[in-house]
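Please open the structure and keep it beside these notes.

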Amino acid sequence: MSDKDRDTDRDIERPQGTRAAARGPARLDERRDVIPGAIGRRSLLRGGALWLSTGLSSSALSALLAACNSRGPDGAEPLLRFAERKNEGVERWLLRHTALDRTSSRARAAGAAFPKYFVSDTVPVWDAATRGTWALEVAGLVRRPLRLTLDDLMKLRSVTQRVNHYCVEGWTAVATWTGVRVSELARLAGVLPDAQYVDFQSFDEGYHESWDLQSATHPQTLVAYGMDGAMLGPGHGAPARLHSPVKLGYKNTKYLTRVAFLPERNGGYWSDQGYEWYAGV
Amino acid sequence: MDEEVPSEPAVVTRHHWVVRVTHWVSAVAIVVMVGSGLRIFNAYPAFARKGETFCCWPWHGTPAPDWLTFGGWLAGARNWHFAMMWVLVAAGLVYLGFIYLHGEWRDLVPRRGDPRDAWEMVRFYLFARKEHPRQGKHNALQKLAYFAMPIVAAVTVLSGIAIWKPVSLGWLAALFGGYVWARYWHFLSMLAIVALALGHVFMVIATDPYSLRSMITGKYDERLCPEARNARPFYHLLPRWARRDTAGAGAGPDAGAAGVPPRLQS
């Protein structure tokens, strides 16, 4: 749930009529009914084209302008889905475990400016009094299901990496993450050959996102418990979260509790709402 | 007088159907790409990495007006953007491949005399020169604009791929100076495309509305070309013989000049 949701001041955009909209529209989610043609067409007419404007150009223009700020024709939906599937094919073909994200040495760490999105109404905090000790479950198509407390997790071979975080909104943020590679967890649990997908599940209102196995086992995909040299804070997904530069932020489940290896993909919180499921970087 | 009202129409086939189809497909695709791109941009209408400032964008946090955007919301716009990009790239490649194989590239690639001719066009448009400079299929300014379009488009496509896959294709992003800069170049080259396209549409309306026919049916009446009309933006939209009838209304600095243009190559 990395950037899954709310910052102090902003959300990733949701489709209309969802939970977030009921909670009050996010600033970027506002969709006003505008009449775009009115301004654009009039100024164009005023500008010239005096005798021509009645013809084809004005009707084509108004058709184009009428489409503005709309979702486009509904009939395009199957085509857009088709394109998404084809794009996933291209993205999978491009994915290399040897292609690593690098940050410029001049890039400043985001630090406190690193946005903190989550889907609950308040910052999700693991309450040991009601929930017991936090543990990470590694389950599904594995020979040896694991149940790791934070101490167990921190005893595993760890990786510290300074990488970019790519948000679907277009911003990036640099941080240094410490954690255990998902590929290491997969090795310890003994993933079965049928597992092609991995679902990363959260205690934050059941948030989850499923990944393709190849991206999940990329060497820069971590179950992170440390950030910028400190333990992960509640705003960033404590006690542990998924973090990887090879997927957009919303695929990087925060407040992680379960890693399930699956034979089929299992959708995800944001991908079920219309964002790309693959979302590779 | 007779030679100024030719009895035979000088209609030529100006644009091959491949050029016409790729032109209109690209036009629609560019509108959708720009609109959906602005919708995506509005999700983070800035360029700075979090925790940094960005040197070269004074409008940090200012979104594009809603009515310029397409796709409705971030995910919708992204879905459109990542679908339409293939249409635009395919149309562009077909167009470039065709004009290379079919020879039309010769009408577009700048030649040695073009800077001089472009300057003459500027002088003509500024009324510093009476007669429209001689031209081939396009005037020198047009050639420059049409030649620049695929180059700017290539920058937009490559920087777009760089910000789509900054890890998988990290070398490409690095070529543009990293993700943040690639996003910036993507935006600026988009603005350049919009500027070229708006200039193009303006000039079509203001100086050569007859060329709209040639981009639809392919046919162009050379008696109506800007050179024959001695046309500047909004000046001499009607052909010479029609202006002659309106008792001096259209008599410009060129009145009395020979009205029949040289035949152009189709």
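1. Start with a term. A helix here is a DSSP run of H or I with at least four residues, and helices are numbered from the N terminus. In that sense, B:G170 is found in helix α5 of chain B, residues 170-175. Keep in mind that this is a predicted model.

2. Is B:G170 buried or exposed? The cut-off for buried is 20 or more other C-beta atoms within 10 Å. B:G170 has 20 C-beta neighbours inside 10 Å, so this glycine counts as buried.

3. Which residues does B:G170 touch? Leaving out residues up to four places away in sequence, the contacts are A:A99, A:D101 and A:R102. Now look along chain B. B:Y146 is 24 residues from B:G170 in sequence. In space, the two are 31 Å apart, C-alpha to C-alpha.

4. Step back to the whole of chain B. Nine helices and two strands make up its list of elements. From the N terminus on, they run β-α-α-α-α-α-α-α-β-α-α. The chain has 266 residues, and 39% of them count as buried.

5. Packed helices are described by the angle between their axes and the distance between the axes. For α1(B) and α2(B), the angle is about 150 degrees and the axes are 8 Å apart. Angles over 145 degrees count as roughly antiparallel. Therefore α1(B) and α2(B) are roughly antiparallel to each other. The crossing of α1(B) past α2(B) is left-handed. Sorted by class, their contact has 20 nonpolar, six polar and two charged residues.

6. How many residues of chain B are in contact with chain A? There are 42, and they meet 56 residues of chain A. On the chain B side, α1 (17-43), α2 (74-102) and α6 (179-206) each supply at least two residues. The largest share comes from α2(B), with nine residues. By class, this side of chain B divides into 24 nonpolar, eleven polar and seven charged residues.

7. Turn to the sheet in chain A. Five strands form an open sheet in the order β2-β1-β10-β5-β6, with mixed pairing. Which strands are at the edges? They are β2 (146-149) and β6 (208-212) of chain A, and each pairs on one side only. Neighbouring strands of the sheet are turned by 15 degrees against each other on average, direction ignored.

8. Follow β1(A), residues 135-140. A:L136, A:V138 and A:G140 make up its covered face. Its uncovered face has A:A135, A:E137 and A:A139. A hairpin of five connecting residues joins β1(A) to β2(A). These two strands pair in the antiparallel sense over four bridges. One partner pair is A:A135 with A:T149 in β2(A).

9. What joins β1(A) to β10(A), residues 256-262? Four bridges do, and the strands run parallel. A:A139 has A:A260 as its bridge partner in β10(A).

10. Finish with β5(A), residues 197-202. Five bridges join β5(A) to β6(A), and the two run antiparallel. A:D199 stands opposite A:S210 in β6(A).

How values were computed:
Residues are numbered from 1 along each chain as its sequence is written. Chains are lettered from A and ligands numbered from 1 in the order in which they are written. This is a predicted model: local features need pLDDT of at least 70, side-chain atom pairs count only at pLDDT 80 or more; totals for chains, interfaces and linings use all residues. Two residues are in contact if their C-beta atoms, placed from the backbone, lie within 7 Å. Ala, Val, Leu, Ile, Met, Phe, Trp, Tyr, Cys and Pro count as nonpolar, Asp, Glu, Lys and Arg as charged, and the others, Gly among them, as polar. A residue is buried if 20 or more other C-beta atoms lie within 10 Å of its own, exposed if 12 or fewer, and partly exposed in between; C-beta atoms are placed from the backbone. Two strands pair if DSSP finds at least two bridges between them. Axes are lines fitted to C-alpha atoms, for helices over the stretch in contact, and angles run from 0 to 180 degrees between N-to-C directions. Angles under 35 degrees count as roughly parallel, over 145 as roughly antiparallel, 65 to 115 as roughly perpendicular and the rest as oblique. A crossing is left-handed if the near helix is turned anticlockwise from the far one by less than a right angle, and right-handed if clockwise.
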